[in-house]
Structures are given as structure tokens and as C-alpha cells.
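Visitor: Could you take me through this structure, one chain at a time?
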Amino acid sequence: MKMQREEKQLETALDAILLRVNDLKNSIGSMIFKLENESENLNWPNLLDNFALLSSQLVSLSKMLGHDKYPLLRTLAIIPLELSPERDEQLLRLTEGRVAIFSHDLAPDYLRTKPVPEVEQKMIQLEHKASNLSFETVQKQMTAYSKVVGHVWEIVSKAREEWETEGSGRSGSAITSSLADTNTLVAAVAMGKGLKVCDGMGQGQLPPNMMGPSGRPVGGGQLPSNQLQQQMGSMGKVPSGIKTNIKSANQMHPYSR
Amino acid sequence: MDSKDWAQMPVCTAMDTLSSALKSNIIPNQEYLLQGSVLDSAVEVLLHRLRGLCDNVDTGPETFHDHEMCFSILNVESGTSPQPLLLRVRRALDYQDMPWQLRYIGQPEGTGDKSRPTIVRSSIDIGTTSAVVDFLTEMGCRMDFEYIVRGYMFRKGRMKITVSKIFKMGQGKPPESVEPISQSYLVELSVLAPSGQDAIAEDMKSFADQLRPLVILDKVDYKRLPMPIG
Amino acid sequence: MGVTILHQFPMLENRTGPQTIEFLTKRIVALGAVQMGQFLVDCDSYISMPSLGPQRTVHVLHNSEQPASVFSILETNTKTIPLVADGLFDLLMLKMTPIYTKKVAKIESKGPRFELADFCIKLGSVTISQNFKGVLVEVEYRPCVVPSNCVGLMREFLQGFLGSCVQSLPACLQNKMDEVYQPMDTIQQYLDHFLNFRKMAGYSG
């Protein structure tokens with residue numbers, strides 16, 4: 001009776017674990033797919049989201065394994081009942097093309113729960129050696145080790161410092177933009193600062209009709225002088241600056257065609 | 001559609017069409033703008049970087065060579081402080097047959113407002129025939145200044161990036177011999193959109209950040225500029 | 001786009017506007033014309049403020065045949081400057097309103113549009129703020145863009161359904177008989193007629 005209950009419990013537990021593992025597998029699969037096929041649209045926050053999903057799935061899986069209700073899986077043994085050097089189509093389908101043969105070569109790798117015996121041997125030897133060392137030797141070795149680490153640290157920080165000063169030195173020596181120039185250019189384009197016809201040359205040095213850019217026909221649209229008089233007369237109340245402006249408005253026609 | 005149905009279809013006036021377009025807010029009449037400059041010596045680096053960042057990778061940047069004339073007309077009637085209406089005419093010197101561009105630009109907003117990432121100003125862009133300069137002059141506009149602008153244009157989605165050299169018109173010289181007004185190129189990042197699409201301003205800001213520290217694109221309030229003697 | 005002649009059809013005492021249009025429609029349908037929609041040409045005029053100096057007028061016209069364009073004609077004392085622009089030019093004129101104001105009522109010509117082989121015929125009732133003023137008949141001969149090559153034929157066609165009232169050619173065509181005909185030339189003809197209608201109605205400008 002008890003056996004039966006335990007078996008049932010084991011079965012449900014395995015089912016649940018299988019479900020979680022499959023979820024995890026699918027998440028990993030979709031992430032790999034994204035990396036391979038949509039890498040140009042994939043941004044960093046997106047990738048982080050994917051990682052977060054994986055990690056939460058891993059956490060819930062390990063929580064589940066540690067839960068009291070679940071039987072201790074490590075106490076159970078798996079015995080490969082049948083090994084075969086032949087290609088197993090069903091296995092291939094079950095593992096989605098990853099494992100084709102369950103042979104003597106591969107089975108130990110898939111079912112291993114402990115290191116290879118030689119490795120285990122070696123680890124035991126090392127642990128033994130460490131526990132048998134005297135306190136002074138340990139101290140000495142630790143100091144030597146910290147010395148080496150400190151040295152490496154020093155080299156790295158020195159390299160970083162050099163690199164940083166070089167970087168800042170480079171950007172310092174090669175200024176790529178100037179705020180003053182930005183201001184000059186923006187003021188020129190927005191308000192004509194430095195571009196106005198009268199700027200930079202003595203006002204009235206040339207007769208008004210010559211002030212336009214020559215090399216193009218000038219005067220195509222000159223107002224008859226009486227009309228100009230009339231116009232200026234009617235604008236008499238406007239500040240005197242207008243006067244020169246009427247002159248300049250007078251020469252705009254060169255561009256008509 | 002049957003020709004008979006079509007025959008009964010009423011025609012609506014251009015003004016009706018325009019006001020319904022205005023109402024549904026589909027006219028791109030807002031310009032979002034960031035400005036900066038790059039020294040002549042670094043312009044190649046900037047062009048290289050823009051070539052990598054922008055859409056027209058395969059074709060390379062589009063060049064332009066334009067002549068811009070800025071007009072104003074004083075609105076004397078409106079109250080005590082007359083605000084001039086500013087109009088700009090731009091024509092391509094390298095494509096003489098292209099339509100000319102007439103442009104109204106409103107007062108910039110958001111220059112002092114830290115929460116707005118770009119300057120916003122109203123803008124109306126109109127393609128016209130070449131008679132536009134004559135037309136404006138006879139209307140009573142006067143030309144305040146003019147310049148030659150030559151450079152490169154890039155696109156990134158709806159964003160337009162221009163890197164341009166500003167030249168003063170040569171006095172008494174043929175139009176080919178013009179003098180640059182600075183040792184830098186003007187860099188402008190702009191989007192023309194219907195009003196209320198402020199999200200684009202954030203995109204512009206983040207694009208501008210990608211060009212730092214090569215070029216600092218920012219809101220330049222030209223009214224508060226410390227003025228060098230021009 | 002071909003050469004276009006605009007002709008004012010004289011009104012008879014005992015006939016209303018719609019009756020006149022119906023009368024002409026019957027005639028051209030009898031010739032084999034088929035109605036293809038409606039058309040509309042309208043004109044708003046903006047007059048400069050006195051502070052700007054001598055008075056100038058900007059006439060802004062739209063033609064349903066060129067729906068993406070705005071045609072403006074600036075009239076000063078000495079010259080007339082035509083300008084073709086995008087639709088947004090209307091928006092700019094709204095910005096100009098403190099300086100250029102709309103003082104006269106909108107005038108428009110509106111009515112059915114017919115096609116007959118190579119000809120396009122439009123029968124327009126002219127109205128100034130919904131008041132009927134007269135009838136303008138527009139005929140376009142589409143295969144040809146040089147007036148001197150086709151005005152003879154067009155006059156004959158016009159006389160064919162309008163009668164002997166068709167005599168002289170539009171003034172603005174006469175001095176550019178050998179140039180390539182432009183949409184603006186049609187607009188200029190409309191404006192000439194519109195200004196006449198306005199004068200008769202007692203409007204200035």
C-alpha cells in the first residue's frame with residue numbers, strides 16, 4: 001500500500017517536473033530562435049526580459065525539487081535496462097533529434113550523477129593534502145597568493161588609468177564642435193546676423209541699385225520712382241530703418257527667372 | 001464607380017478640404033528642431049557616423065546646394081508692437097527646374113522649457129513657381145537677408161538631418177565665389193509633423209545623444225544668444 | 001491639359017440661370033457629350049491694408065481640374081504676377097489676414113462637366129455669395145497645347161452650340177498664341193470674367 005502511494009507520488013512529481021523542464025526548454029529555444037533570426041530587431045531590454053524569464057523558471061524548478069512533498073530524487077536509481085549500438089528512431093524523436101543511439105558509450109554520460117572516478121580520486125587527494133598542511137605553510141602560501149593578485153591588480157589599474165587619460169586627452173585635443181560657431185550659424189540662419197546686405201560694408205558706399213548681388217541682372221522689378229516715393233511717403237511714420245529696407249526690397253527681382 | 005454616380009458627386013471647395021484637413025489634424029505644420037554645429041575638421045567623421053546611423057545607407061547622403069532668401073512683412077495694424085511676418089524662399093541651385101519653396105516659420109516655442117526636448121515652431125511649407133520672389137516683393141515683403149547653403153541631407157525615419165555650410169552672398173562677385181561665414185558646418189535635426197505628436201521629440205533627443213560628443217544638438221534660443229558682432 | 005477658351009453666354013430676359021444651363025446641357029448632350037462629374041472654380045480676393053502703400057490685391061483661385069494647386073494672381077498698379085503653389089498656400093493667406101484682408105465676397109463658377117471626344121465642356125453658373133450672376137462656358141481642346149494651332153477649330157465648335165454670340169478670342173490668349181498653354185492661362189480667363197461680374201455687381205477691387 002505504502003509502495004503504491006509512493007509510486008503515485010513519484011509519478012505526479014515527475015510529471016510536474018517534466019512540465020517545468022519543458023517550459024524552460026521552450027523558453028531557451030525561443031530565445032535562441034530570436035537571437036538567430038531576429039537579432040537586428042532585438043534590443044537589450046528585450047534580451048534582459050528573456051533572461052529574467054529563464055531565471056524565474058529555473059528558480060521555480062529548483063524550489064520544486066527542494067519541496068518536502070517531493071520525494072528525494074537522488075535516492076532513486078536509474079538503471080538502463082537496455083543498451084543498444086543501433087540507431088533508435090523513437091529515441092531520436094523523443095529527444096528532438098539530439099540523441100540517436102543509447103549505447104554503452106553515451107549512456108554513462110547521460111546518466112552520470114558523480115564525477116568520473118579518476119577525477120573523484122584526484123579531488124580526494126587534494127582535499128587530503130590541504131587538510132594536512134601546517135598553519136604556517138597555509139599562511140605563507142596565502143600571502144604569496146595575495147601578493148600575486150595584488151600585483152596583477154596594480155597592472156590592470158595602471159593600464160586603465162593610462163587608457164583613460166589617453167582617451168580624455170584625445171577628446172581634449174580634438175574638439176569637434178564649438179558652441180560659438182553654433183551660435184553664429186543659428187543666428188545667421190534665423191536672423192541674418194552677418195548676412196544682411198548692409199553688414200560688413202559701409203552703408204551707402206554704393207548707389208542703392210548696385211547693392212544687390214551683381215553678376216545677375218539687376219532691376220528687373222524696379223518700382224517706378226514715383227511709386228517708390230509714394231510708398232516711402234505713406235510709411236513715413238515707421239522708424240527710419242525702413243528706408244534702407246525699401247531700397248533693398250527694390251533689388252530683389254534678379255531672381256525672378 | 002459608375003460614371004453616372006460620379007457625375008452626381010458634388011465638388012467641394014478647396015477651403016472645405018483644407019479646413020477638414022485642419023480639423024482632422026493631418027497637415028504637418030509643426031517643426032521639431034534641434035541645432036548644433038561641427039568643425040570643418042570633424043565633418044568627415046560626422047558624415048561617416050551619420051551614414052552608419054541613417055536610412056539612406058546604400059545610396060549615401062543626398063547633397064544639396066540651395067539659395068535661401070528671407071523676407072518679412074510688417075504688420076503695422078496689429079496693436080502697439082508690430083510683429084513682422086517672416087517668410088523664406090528657397091530654391092535649388094543644382095536643380096534649377098525644381099519648384100521653389102516658400103516657407104512660413106512661426107516663433108519658436110519650448111526654448112526655455114526643460115521638459116520639452118526640442119524647439120517646436122509652426123511651419124508651412126509650400127511648393128511654388130519661380131515667380132514667388134517677385135510675388136512677395138510686390139506684395140510688400142522686403143528681403144532682409146539671403147545666403148547660400150550647401151551640404152548633405154540624411155534621413156532616419158521621419159527625422160531629417162542636414163549638415164550644411166552657410167555662405168554669405170558674394171558682393172560684386174559671381175554667385176559661385178561665396179564666402180563661408182564660419183569654420184563650422186551647421187547641423188540640424190528636424191521633423192515636420194502635425195501638431196500634438198510630441199513623442200517624436202523624444203526620438204529626436206535620443207538620436208541626438210548618439211551623435212554626442214561629436215556634435216551637441218540642442219535647443220538654441222537665438223533670441224538669447226550672446227551676439228558676436230556680425 | 002489642353003488649350004481652353006472661356007466664354008460668357010449672354011442671359012435672356014425670360015430665362016433663369018438653371019434654365020440656361022439646362023438649355024445648354026440639352027444642346028451638347030444632343031451632340032453626343034457625356035456628363036463626367038461637376039467642376040468648380042472659385043476666387044477669393046485679399047486686399048492690402050492702407051499702411052502697406054498703394055493698394056494691391058491678391059486673387060486666390062482654385063480649379064477642381066487641378067485640385068492640388070492654388071493659383072494666385074497679384075495685382076498692383078503697374079503689374080500682374082501669377083503664382084502657382086501647393087494647397088497650403090491657403091493656409092499662408094490665413095496667416096496674412098492682418099495685412100491682406102478679404103473684403104469682397106467669394107465668386108465662383110460651378111456646374112456640370114462634360115466630355116465629347118477630344119473636348120471637355122464645362123457649364124458654370126457664376127455666383128457671388130450665392131447670388132446668380134451669369135453663365136460661363138469653358139471649352140478645352142485636350143490634344144493641343146499651342147493656341148494658334150487650334151483656336152479656329154475651337155471657335156467653330158463653340159459657335160456650333162452657343163450660336164453667333166461667339167466672336168472674339170479671350171484677350172489674355174491673344175498675345176500668347178504661340179506659347180505652350182498653361183493651367184494658369186485658364187485661371188487668368190476666369191479672373192478676367194470674375195472681375196467683370198464683380199464690377200457689374202458694384203464691387204470694387
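Predicted model: local features only at pLDDT ≥ 70, side-chain atom pairs only at ≥ 80, totals over all residues.

Visitor: Fine. In what order do the elements of chain C run?
Guide: From the N terminus, the order in chain C is β-α-β-β-β-β-α-β-β-β-β-α-α-α. That amounts to 5 helices and 9 strands.

Visitor: And what share of chain C is buried?
Guide: Of the 205 residues in chain C, 41% are buried. As for its contacts between residues at least 6 apart in sequence, 60% join residues at least 24 apart.

Visitor: What about chain B, how many helices and strands there?
Guide: Chain B has 5 helices and 9 strands. Along the sequence they follow the pattern α-α-β-α-β-β-β-β-α-β-β-β-β-α. Buried residues account for 35% of the 230 residues of chain B.

Visitor: How many residues of chain C are in contact with chain B?
Guide: On the chain C side there are 36 residues, in contact with 31 residues of chain B. The elements of chain C that give two or more residues to this side are strands E2 (34–48), E3 (57–63), E4 (69–75) and E5 (80–86), together with helix H2 (89–95).

Visitor: Which of those gives the most?
Guide: E2(C) gives the most, with 8 residues. By class, the side of chain C that touches chain B consists of 20 nonpolar, 10 polar and 6 charged residues.

Visitor: Can we pick out one residue? Where is Leu91(C)?
Guide: Leu91(C) lies in helix H2 of chain C.

Visitor: Why does Leu91(C) count as partly exposed?
Guide: The reason is its neighbour count: Leu91(C) has 19 C-beta neighbours inside 10 Å, whereas a residue is buried if 20 or more other C-beta atoms lie within that distance.

Visitor: Back to chain B. Which strands does E2(B) pair with?
Guide: Strand E2 (residues 62–73) of chain B pairs with strand E6 (residues 142–156) of chain B in the antiparallel sense, over 11 bridges. In that pairing, Phe71(B) stands opposite Met143(B). E2(B) is also joined by 8 bridges to strand E3 (residues 85–92) of chain B, again antiparallel. There, Glu68(B) faces Arg90(B) in E3(B) as its opposite residue.

Visitor: Which residues touch the most other members of the largest nonpolar core?
Guide: They are Phe71(B), Val132(B), Leu136(B) and Val139(C), in a core of 113 residues. One of them, Leu136(B), touches Phe71(B), Leu87(B), Val89(B) and Cys141(B), leaving aside residues up to four places away in sequence.

Visitor: Is helix H5 of chain A well covered or hardly covered?
Guide: H5(A) is hardly covered: among its 16 residues, the count of buried ones is 0.

Visitor: How far apart are the ends of that helix?
Guide: The end C-alpha atoms of H5(A), which comprises residues 117–132, are 23 Å apart.

Methods. Residues numbered from 1 in each chain as written. Chains lettered and ligands numbered in written order. Helix = DSSP H or I, 4+ residues; strand = E, 2+ residues; numbered from the N terminus. Expected span 1.5 Å × (residues − 1). Buried ≥ 20, exposed ≤ 12 C-beta atoms within 10 Å, placed from the backbone. Contact = placed C-beta atoms within 7 Å. Nonpolar A, V, L, I, M, F, W, Y, C, P; charged D, E, K, R; others polar. Pairing = 2+ DSSP bridges. Core = buried A, V, L, I, M, F, W, Y, C linked by C-beta atoms within 7 Å.
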